[in-house]
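Q: Please take a close look at the aromatic pairs in this model. Which rings pair up, and how are they placed?

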Amino acid sequence: MIVPVQVTFRNMESDLGLEKMIRAQAAKLERYYRAITSCRVSVEMLGRHTHGDIYHVRIGVELPRGELAVETKPGLRSGMRDMATEEITKRDETGRHRRMPRRAILEAFGEMRRRLQDYGRKQRGDVKRRAAPLTLGRVSALRAGEDHGFLETRDGRQVYFDRGSVVDNRFDTLRTGSRVRFCEEKGAKGPRATTVRLVHPRKQAKTAAAVVPTK
C-alpha cells in the first residue's frame, strides 16, 4: 500500500528535491506500522538569521484510531555548523539552504518512526504479553530487504514476523538460525509472531564470529 502524502512548504519556495526526499521517507514509515492511512508534512522557514536559517518541520500521520504528530525546531547552532561546513567546502548558497531543511526533515522522521514502533507495540498488547510465557524458536528464513521473515517452532511450524515485531530494534542483528523467544497470535494469513526477542544476543554474536573460517 502506498501512503497518500501531502507536502506543504511555508515561507519558502517549493523544492522538488526536498519533496522527493519527504515522500521517500514517508513510504518507509509503513515498515514500522502498516495501517497508516495518510501522511501530512509541512516544512516552514521561521526566519533568516546571520548564522543560518531556522526550519520547523511537522509530520502528522492518520491511523485507524487517531493521529500521531511530531514537530522539530532545529536550533540556531545547527545553522552555524552548516555555515562552517559551507565555508570550508566552498559550496554554493543553494546547497547550504538545502542541507539545513534536510537535517530537520530527517530528525522529524526519525522521531516519527520511534513513535510508530511504540504505538504498534501498545496496539498489539505487547506490554501485557511480556508476563506471558514465550515460545522458543529459531529464524528459519529472513528477507531483510523486505523487513520480514519466518520463525520455526520446536514442533516444526512456520510463524511469520516482521521488523516491527522485533523488540529493541534488533531486526538487523538477526540471522538465519538465530534463536529467539516470541509471542504468537492469529494473523489474517496464518500465525504471526509478536514481541520477538533474540536469545542471548551477545553470546550468539560471539558464536557467529567464532565459526568464521580463517584463510
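A: A search of the whole structure finds 3 aromatic pairs. Rings of Phe, Tyr and Trp (its six-membered ring) pair if their centres lie within 6.5 Å; planes under 30 degrees apart are stacked, over 60 edge-to-face, and the rest tilted. This is a predicted model: local features need pLDDT of at least 70, side-chain atom pairs count only at pLDDT 80 or more, and totals for chains, interfaces and linings use all residues. Residues are numbered from 1 along each chain as its sequence is written, and side-chain values use heavy atoms, with hydrogens and water left out.

Take Y33 and Y119. Their ring centres are 5.3 Å apart and their planes stand at 75 degrees, so the pair is edge-to-face. Y33 sits in the loop between α1 (16–28) and β2 (38–47), and Y119 in helix α3 (residues 93–123), so the pair ties together parts 86 residues apart in sequence. Helices (H or I, at least four residues) and strands (E, at least two) are DSSP runs, numbered from the N terminus. Y33 has 14% relative accessibility and counts as buried. Y119 has 17% and also counts as buried. Buried means under 20% relative accessible area, exposed over 50%, partly exposed in between (1.4 Å probe, protein chains only).

Now F161 and F171. Their centres are 6.2 Å apart with planes at 50 degrees, so this pair is tilted. F161 belongs to strand β7 (residues 158–162) and F171 to the loop between β7 and β8 (179–187), so the pair ties together parts 10 residues apart in sequence. Both F161 and F171 are buried.
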